Amino acid sequence: MKAVILAVSLFIPFSFYSVASAQLIKVTIGNNAISGNALPAWMAKEAGIFRKNGLDVQIVYFRGGTITAMALVAREISIGQVSGPPIVSAALKGTDAVIIAGGNVVSEYWLMSRPEIKTAEQLKGGSIAIATFGGQADFISRIALQRLGLTAGKDVAIVQIGTVPERLSALDKGRVQAAMLNPPDNVMAQKKGLYNLVSVRLPYQGVGVSTTRTFIRESPDIVRRYVRSQIEAVHRIKTDREAGIKVLAKYLASTDKEILERTYDDISSDEKVPPKQYPTLEGIKNILMPLAETDPKAKAAKPEDFVDLRFVKELDESGFIDDLYKGKKR
């Protein structure tokens, strides 16, 4: 089914340096994260890394990972910066969606509740706001409830609300009692008085780079250039704190120094965003486990079924990634 693009182009980026635009290959990519998880794509755009690698990339924003994955499968975009769950779900349904670079391989969400709700018992009978069903927040909310000794759908309802501002508005108005939030939104919510009921941090295929096997067959050179850009952007993030914070400030539309620095420190860590951008097989296993309870295909699937490692592997085995970091202050 053709996805409806609820999208607007992100801000026209500034460049840290000028690069000739001759013979650039135009590529439209989808992104559903307005958080530190999107920093590699933003950095590649702002620092001219895409252009250096011959790509003229337009970043389009989608309202949720599920919609991003639908647009990818419908070929409305060529590449998606999207979390693992909707890509895994799409592949289980028979599409050729595939993860090609890891991005964020450790996910962290806080289950943030209204100030008066500070225990699992107080949350019982209430509801949790997420972005979209089948997305990353949906999956991790179920893990959070398990850790609180609660069952999704039985003890606590999970409701699809949408963007972070919409989730926070629903919380403020009492339409829901809690919301799943990741950095920097969880930190900002805590500063405003919301309570952290439980934190979930685990190996998990978060916002990474996905495409389709069809696009890989048709345009392997574009995919190769994109993955190289992703790896170079991660390197720039890790070695240029000032540039990283500057890009975050622009795309998060924030001047809060504490939030920006905490977000940068989180997303620049090797644990969360490794220099060698392999997708996390352990993280995909954590996505498959709850699906396997009701889906025989998920039970029979292997994490390797959802990834194509060749492009990261080429850059790794050639020594390109190691050479990037030689003599660089980390």
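Colleague: Let's start with the sheet. Which residue of strand 9 is the bridge partner of Met-112?

Modeller: In strand 9, Met-112 is partnered by Ala-179. Please keep in mind that this is a predicted model.

Colleague: How many bridges join strand 6 to strand 9, and in which sense do they run?

Modeller: Strand 6 (residues 106–113) and strand 9 (residues 178–181) are antiparallel, and four bridges hold them together. Strand 6 also pairs with strand 10, again in the antiparallel sense, over eight bridges. In that pairing, Arg-201 of strand 10 is found opposite Glu-108.

Colleague: What is the order of the strands in the sheet?

Modeller: The order is 8-7-9-6-10, giving an open sheet of five strands with mixed pairing. Strand 8 (157–160) and strand 10 (195–203) are its edges, each pairing on one side only. Ignoring direction, neighbouring strands in this sheet are turned against each other by 25° on average.

Colleague: Which helix lies across strand 6, strand 7 and strand 9?

Modeller: That is helix 7 (residues 164–172), which lies across strand 6, strand 7 (127–130) and strand 9. Relative to strand 9, helix 7 runs at about 155°.

Colleague: How do I read burial for a strand? Why is strand 6 described as largely enclosed?

Modeller: The idea is to compare relative accessible area with a cut-off: under 20% is buried. In strand 6, eight of the eight residues are buried, so the rest of the structure largely encloses this strand.

Colleague: On to the rings. How many aromatic pairs are found in the whole structure?

Modeller: The search finds two. The rings of Trp-42 and Tyr-251 are stacked, because their centres are 4.6 Å apart and their planes meet at 10°. Trp-42 belongs to helix 1 (residues 39–46) and Tyr-251 to helix 11, so this pair ties together parts that are 209 residues apart in sequence. Both Trp-42 and Tyr-251 are buried.

Colleague: What kind of aromatic pair do Phe-50 and Tyr-226 form?

Modeller: Phe-50 and Tyr-226 form a tilted pair, at 5.1 Å centre to centre with 35° between the planes. As a general idea, two numbers describe a pair of aromatic rings: the distance of the centres and the angle of the planes. Phe-50 is in helix 2 (residues 49–52) and Tyr-226 in helix 10 (residues 220–239), which places the partners 176 residues apart. Phe-50 is buried at 3% relative accessible area, and Tyr-226 is buried at 1%.

Colleague: Which residue has its charged end over the ring of Tyr-195?

Modeller: Lys-118 does, with its charged end 5.4 Å from the centre of the Tyr-195 ring.

Colleague: Next, backbone angles. What is the phi of Arg-75?

Modeller: Here is the background: most residues other than glycine have a negative phi. Arg-75 is not a glycine, yet its phi is positive, about 65°. Arg-75 lies in the loop that runs between helix 3 (65–73) and strand 4 (79–82), and at 45% relative accessibility it counts as partly exposed. Ala-253 also has a positive phi, near 50°. Ala-253 belongs to the loop between helix 11 (241–251) and helix 12 (257–267), and it is exposed, with a relative accessible area of 67%.

Colleague: To finish, the overall picture. How many helices and strands does the protein chain have?

Modeller: The protein chain has 16 helices and 11 strands. Its radius of gyration is 19 Å, close to the 20 Å from the globule rule for 330 residues, so the chain is as compact as a globular protein of that length. The C-alpha trace spans about 60 × 45 × 35 Å along its principal axes. Of the 330 residues, 58% are buried. Among contacts between residues at least 6 apart in sequence, 83% join residues at least 24 apart.

Definitions and conventions
Residues are numbered from 1 along each chain as its sequence is written. This is a predicted model: local features need pLDDT of at least 70, side-chain atom pairs count only at pLDDT 80 or more; totals for chains, interfaces and linings use all residues. Side-chain values use heavy atoms; hydrogens and water are left out. Helices (H or I, at least four residues) and strands (E, at least two) are DSSP runs, numbered from the N terminus. Buried means under 20% relative accessible area, exposed over 50%, partly exposed in between (1.4 Å probe, protein chains only). Rings of Phe, Tyr and Trp (its six-membered ring) pair if their centres lie within 6.5 Å; planes under 30 degrees apart count as stacked, over 60 as edge-to-face and the rest as tilted. A charge sits over a ring if NZ of Lys or CZ of Arg is within 6 Å of the ring centre and within 35 degrees of the ring normal. Two strands pair if DSSP finds at least two bridges between them. Axes are lines fitted to C-alpha atoms, for helices over the stretch in contact, and angles run from 0 to 180 degrees between N-to-C directions. Contact means heavy atoms within 4.5 Å. The radius of gyration is taken over C-alpha atoms; the globule rule is 2.2 Å times the number of residues to the power 0.38.
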